[in-house]
Amino acid sequence: ADDGYRLWLRYDKIQDEDLRQDYLHQLRQIHYAGSSARIEKAKEELQRGISGLLAQKITFSDEPGNGPTLIAGTPESSPHIRSMELQGELRSLGEDGYLITRDRQNNIAIAASRDIGLLYGTFHFLRLLQSQQSLQDLDIKSAPQIQLRVLNHWFNLDGTAERGYAGGAIWQWEQLPDYKDPLYTDYARANASVGINGTVLNNVNSDALILTEGYLEKVKALADVFRPYGIKVYLSARFSAPIEIGNLSTADPRDPEVRRWWEKKANEIYSRIPDFGGFLVKANSEGQPGPQDYNRSHAEGANMLAKALSPHGGVVMWRAFVYSNEEPEDRVKQAYNEFTPLDGEFRDNVLVQVKNGPLDFQPREPFHPLFGAMPETPLMMEFQITQEYLGFATHLTYQAPLYEEVLDADTYAKGEGSYVRKVIDGSLDDKQLTGMAGVANIGTDRNWTGHPFAQANWYAYGRLAWNPELGSERIAEEWISMTFSNKEAFIEPVKEMMLASREIAVDYRTPLGLHHIMGYGSHYGPGPWVDEGRADWTSVYYHRADSSGIGFDRSTSGSNAVSQYHPPVKQQFNDIEKVPEKYLLWFHHVEWDYELDSGRTLWEGLVHHYYSGVDSIRRMQDTWESVEGYIDEQRYTHVARLLEIQEKEAAFWRDACVLYFQQFSGRPIPDAYPEPDHP
Ligand code: GCU
């Protein structure tokens, strides 16, 4: 039986005997220089990995002896590494980078400037063995392009997880700090293996209690577990905490007592956790308190916290997810309107954290227009790994193509080639402080993420935060080979299935630029009819279907959201003939008989997307059936059954949406398609 707990760090014995012998021969001795908590963790992992994969216990030798040896060290810790004269190259790879190469005697060497690079290099080396790569011409250089690679957990102090679908919070608050569940170590290993170096422990809708002494002791205990893996702890800070736990009557950022309170709080945190990362803040958004409660700007609020953290080296990650129902302006325009005037006003240890799109983690959105619009401010990307709008932990949706689509989008902020990823990695505007956040999909489920394939989204997020140009395909290959099987006959079809899965998810939910038509509150099933409560949480506000057509007119003759993009993106999105069809109904209200690229009318095209989405799930099921036998029965069956549920629910989405929109289009469902069976 296999419950998937080991994630991609499985280390099962390599079955190919020749290969195993070859690896054993090359790793006859292992010399790991230096001694530190991180080196200990790297050695432990190597020990675990090699004894599993090669079924041989390893011992570490004190000196690089005779015969093939794996040598790891920094130029400071190892005379041997020093003699390889890699210093210049290592410097160019920065603090976290590493080299995996051959020395003059043809030994394998892992070299880095710092111990953390050795840990990352060790995980990389193990990945080579796990995916059965040749060790012959090793010449690997790797360094992260983004500095802060952070998971955001939306865990509450009562143990629940907001928008989490894999069980509850993994922090056992009531048992901390005394009992440190070994799971925390496995969590840290998994993150370090993909280069994640930060974790925000609590929900952005935050409880001020996390900042009290009792909880800070628990936070310290977690920080102590994570530190040897290079992972810093951050907290979501509630802006009104000085009132709630500090007995002050205000949280006004201009009030000297409030400022002092935060400074003392920061000192208190750092006295326990000297490498504390900083605060994540959701302010004046969806009912959360913030500086605007006192008529102060987001910048003033962020700067007060940043000033308190700055003597200790901490940062503030201030979220740009703001919108208000009272505001008559199109919701997707509000964050840009509010934040662009503040560009240049933030202290230098503030990052503004921006969701990938201007609405809210929809199956597809155009990139957020703030990217490329705040050259004076470090902008941090926020992706959602947890599948709030993508079928929770029930639907198989590999999200790397979604992340990649956004990272590769061209903002044209400084002409052609001003990709979103260049905003994020700091190269476009010469920013030193850079970051990416992923809202985690991890919970107490035995396999961490609920759906076995949801593990791939955690993995892919980390790999893309390290290198935004890695590519979804390569990441999928790595993940499949480590998680399931190295057999080509398994990898190829499963990879194709994963790569197609995101577009399929869009097809049966929100094709052609539709958005926000899911069930109210739960955000799970279809709900294009939702028409009650605050307007910006309904569906009709977004799809605007009527007898003339469907879609949200955001062109210059509509809400003019297109004006927030630089030319020529603006002109492209504004022109119904030029806008990419995947964003058509995001930017335009389109007549039912409008002709699409395919020659179909809009109505026929819409129906076609919904039907082909469901048909594609059936093809995914066929693919999965075709690889039965390559992997363990437990995970195979789990995925097979989940695909059955996905197929039923995709059909429900299709039928609900097609029948609902048909009331407005007044047109028949083309003969080629069977009648919906969920009247
Ligand atoms: C979404 C989500 C909320 C979450 C919010 C946020 O609206 O449904 O649960 O709090 O995003 O990102 O702040």
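Start inside: the largest nonpolar core has 223 residues, and F125, W171, F226, W262, W624 and F661 are the ones that touch the most other members. A nonpolar core here is a set of buried Ala, Val, Leu, Ile, Met, Phe, Trp, Tyr and Cys residues joined through side-chain atoms within 4.5 Å, with buried meaning under 20% relative accessible area (1.4 Å probe, protein chains only). Helix 21 (residues 633–665) gives the most to this core, 11 residues; helices are DSSP runs of H or I, at least four residues, and strands are E runs of at least two, numbered from the N terminus. There's also a second, separate core of 9 residues, I81, M84, L90 and A111 among them.

A word on ground rules: this is a predicted model, where local features need pLDDT of at least 70 and side-chain atom pairs count only at pLDDT 80 or more, while totals for chains, interfaces and linings use all residues. Residues are numbered from 1 along each chain as its sequence is written, and side-chain values use heavy atoms, leaving out hydrogens and water.

Now the ligand. By class, its shell has 3 nonpolar, 2 polar and 8 charged residues, where Asp, Glu, Lys and Arg count as charged, Ala, Val, Leu, Ile, Met, Phe, Trp, Tyr, Cys and Pro as nonpolar, and the others, Gly among them, as polar. Ligand oxygen atoms sit 2.4 Å from a side-chain N or O of E162 and 2.6 Å from one of K282.

Finally, look at S131, in the loop between helix 5 (115–130) and strand 5 (140–142). S131 counts as buried because its relative accessibility is 14%.

Key: Buried < 20%, exposed > 50% of the residue type's maximum accessible area, 1.4 Å probe, protein only. Polar contact = N/O pair within 3.5 Å; in protein donor to acceptor, adjacent residues only side chain to side chain.
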